[in-house]
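Colleague: I am new to this one. Can we go through it in short steps?

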Amino acid sequence: MSTIAPEFRLSRFIASLTDIIFWVLLIFSLVGLPIVFIVLFYIKLPVINGQLMTPYLAMTWMADPSRSIPIIKSFMHTTIFRVAVFPGFGFAALLAAATIYVERKFLAKIQLRVGPLYCGKIEGILQLMGDGFKLMSKEIIIPAKADKPIFWIGPVLFVGTAGAFVSLIPVAPGWVVANPSVGLLAVFATIGFFPIIAVLSAWSANSKWTFIGGLRALHQMIAFEIPLILSLLGIVILSGTLNLSQIVQSQEHYWWITFMPLSAVVFFITIIAELERIPFDLPEAESEIVAGWLTEFSGMMYGLIQLGTYLKLYAFAGLFTVLFLGGWQGPSIWPPFPQEIITQGITIGPVTAKFPGLPLFDQEMLNGTLWFVIKTVGVILLILLPRGVFPRVRIDMILHTGWYKLIGLAFINIFIALGLLYAGVLGPGGLLH
Amino acid sequence: MTTQLPPGISLEKVDDRIMTLNVGPQHPGSGHMRLIIKVDGDYIVSCDPDPGYVHRGEEKMAEYRNYIQNIPHLERPVIHDSSNILYPYCLAVEDLLGIEVPERAKYVRVIAAELNRCIYILYWLAIYGIFLGHSTMFMWPAGDRELFIDLLEAMSGARVTHAYLVPGGVRNDLPANFEERCLRQVNYFEKRLKEYEAIFYQNPILKARTQDTGILSKTDAIRLGTTGSVLRASGVDYDVRKKEPYDVYENLDFQTVVMKEGDSYARSYVPYLEMFESCRIIKDALRKMPKSGSVRTKLKPNPKGGNDEVYRRVESGRGALGYYIVSNNRPEPYRVKISVGSFRNLICMPYLLKGEKLGNMPAVYWSLNYWPVEADR
């Protein structure tokens, strides 16, 4: 036992840390620094504004906010920032992480529990980080008879597709990773990959439970994709565009949910089914088929699937906000950036510092992001709520719901939209437009 | 029949369509047992239950210990219904040794048995909830179970394996102020039970999933020899507490819960209603109980049974539970046979699951009130 888990001593831990730090510093100063100076000796240093750009000067400039803020601001307008940080992966992952925490606490409150409590001292706020580290440190077990390349690539494809979906959601005016003119069609095309990935991973794992779960996922997603597409046709008809940013702009005066509540209900139910959440979590029904198509995934492969699922959850909630709740539209509640900082700078004692390039984000964008986040979080909470009060349905019930009831309701909604359009109430050139 | 088929065409064999699934013992929805299920698409063609993974030889162990030493290990098969599985043993040993039980002890035993029945049903209900994917229905009963566990802890000193009932009465008397505390907690629990109805039993999805699935008709229920809540859900008014009253059950005011439908919903609803009756019994017993007096008849050290045999049974959380004890003038019993309700209800699983959808498997399986550990003994 002691060989596997040796007794933990804080003093030894600190001693080992200082040991590591000592050796790193020693090797860096004896080997690294000479190499750096030898390399610098041969490099011709640039001259900027008449000053020789020595490494010391570069460090001085980096520490000076009046020089670094313009660099940060220009970086914020690059594509890589959009993909990696703000409307893209970083923002979505942050919201997804917050969602997982809120879901666990929220569900715990419904069920008269306390939820995560200890990790991170304050109400278990670091629980998710702990779970993530645990998943990373776990062994990844591949079934012996699995189709290994496809099995490996399944979770990666899943996260990739979820990320592609996230990139289509406009967060604030002009802040979207990809803004194709047929944005809604691109969304449908992206969603169409999920059943394929589920079936591929299920089949490649070569297990009966994953096979049944994969078939269930396939049936369920296909049955619900058609009402999903049909329920959004009304909005396309009335707003006259497929571009998601323009759909948001078309809701300047009225949200589409006021005219098409039926469509919103159908879309909301299909969201829950597409996300495989209770009451529609049949592909992962644990008491029937272990964990469905996720049965054989272990360690960080499972972690990737979970990450993808929550990215998907954020993206669907964002899509609901964009289509029905007016996206970033909302009254201006974000305080304007104080003008005297731009004109006069900040005075600290004898020093007056001016920061060119402020503000980093304009007020309109921050206000839009705030409204988008508020609405999206509300939708996410609504998506999470059924988990506390509903049991799981059966596969025949869910298929019946998808193929008969929801498609019928979606068609009724299309007729309502067409009626509003031809009566001249809404739509391009309508009374209320 | 040998029909000549055109070359290159072959008939599909029936076996090609059928997939065999091993549900258990490592499956999250099986418990300590295995179900060998054959499915054709989504429909179950055959089901073969395979119990025995937790066989512990309780009956054989009982032959090597004397009548008092047998108490703690005989409750192990159902630790959350420990008073009820010990009850018939105590009754049988009292018959065998000819012991008279004090009046107060009889009431205390009934209270312990009914508290334990509630604990068992709540545990069962929690698992039924999670089997149907209703996680709130897992957490609520699992939390409310603490009310009764605390009461039994105050009575016996142990939270789960109480070993409270002994031949000759109960191990120790009730603590001070137990009556008030018990009444308060039982009254609170009855309020909570009504919330279960709202969130679980009136839930439209639950009704759609469990109603008209796994229907067991009245004649089949009798023919297959089912017992307990399964039998009562099929419309047979049979409760050992009413039909063969033991201790003081004939003095107490309660009813047998019977439903006619015989489907999974009725089988899950009958235990829920029985918890109300248990609360009634507890309150009635607290009222009628003698306020003081002995609770245990002291036995001789190492008592010997005569050359005799005896059979006594009670109504446990899972149905009739009987002990058949043969003695041959020795301090140890010659043979102890435990007849449990779980094993009797297991037999209707192949009948009920045949032709059902795979998604109905947990709903039907757990509604049978089957506890694998007790069935294996």
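Modeller: Domain bounds here come from an automatic or database domain assignment. Keep in mind that this is a predicted model.

Colleague: How far apart do the C-alpha centres of domain 1 and domain 2 of chain A lie?

Modeller: Chain A is divided into domain 1 (47-77) and domain 2 (81-333 + 352-422). The distance between the two centres is 41 Å.

Colleague: How many residues of domain 1 of chain A that touch domain 2 of chain A are nonpolar?

Modeller: Eight residues of domain 1 of chain A are in contact with eight of domain 2 of chain A. On the domain 1 side, one residue is polar and one is charged. The nonpolar residues there number six.

Colleague: Which element gives the largest share of the side of chain B that touches chain A?

Modeller: In this contact, 27 residues of chain B meet 24 residues of chain A. Elements of chain B giving two or more residues include strand 1, helix 8 (204-210) and helix 15 (361-367). The largest share is five residues, and it comes from helix 6 of chain B.

Colleague: Which residue is the bridge partner of B:Asp40 in strand 3 of chain B?

Modeller: Strand 2 of chain B runs antiparallel to strand 3 (residues 43-50) of chain B, with seven bridges joining them. Their hairpin has two residues between the strands, and B:Gly41 takes a positive phi near 65°. In strand 3 of chain B, B:Asp40 is partnered by B:Tyr43.

Note on methods. Residues numbered from 1 in each chain as written. Chains lettered and ligands numbered in written order. Predicted model: local features only at pLDDT ≥ 70, side-chain atom pairs only at ≥ 80, totals over all residues. Pairing = 2+ DSSP bridges. Helix = DSSP H or I, 4+ residues; strand = E, 2+ residues; numbered from the N terminus. Contact = placed C-beta atoms within 7 Å. Nonpolar A, V, L, I, M, F, W, Y, C, P; charged D, E, K, R; others polar.
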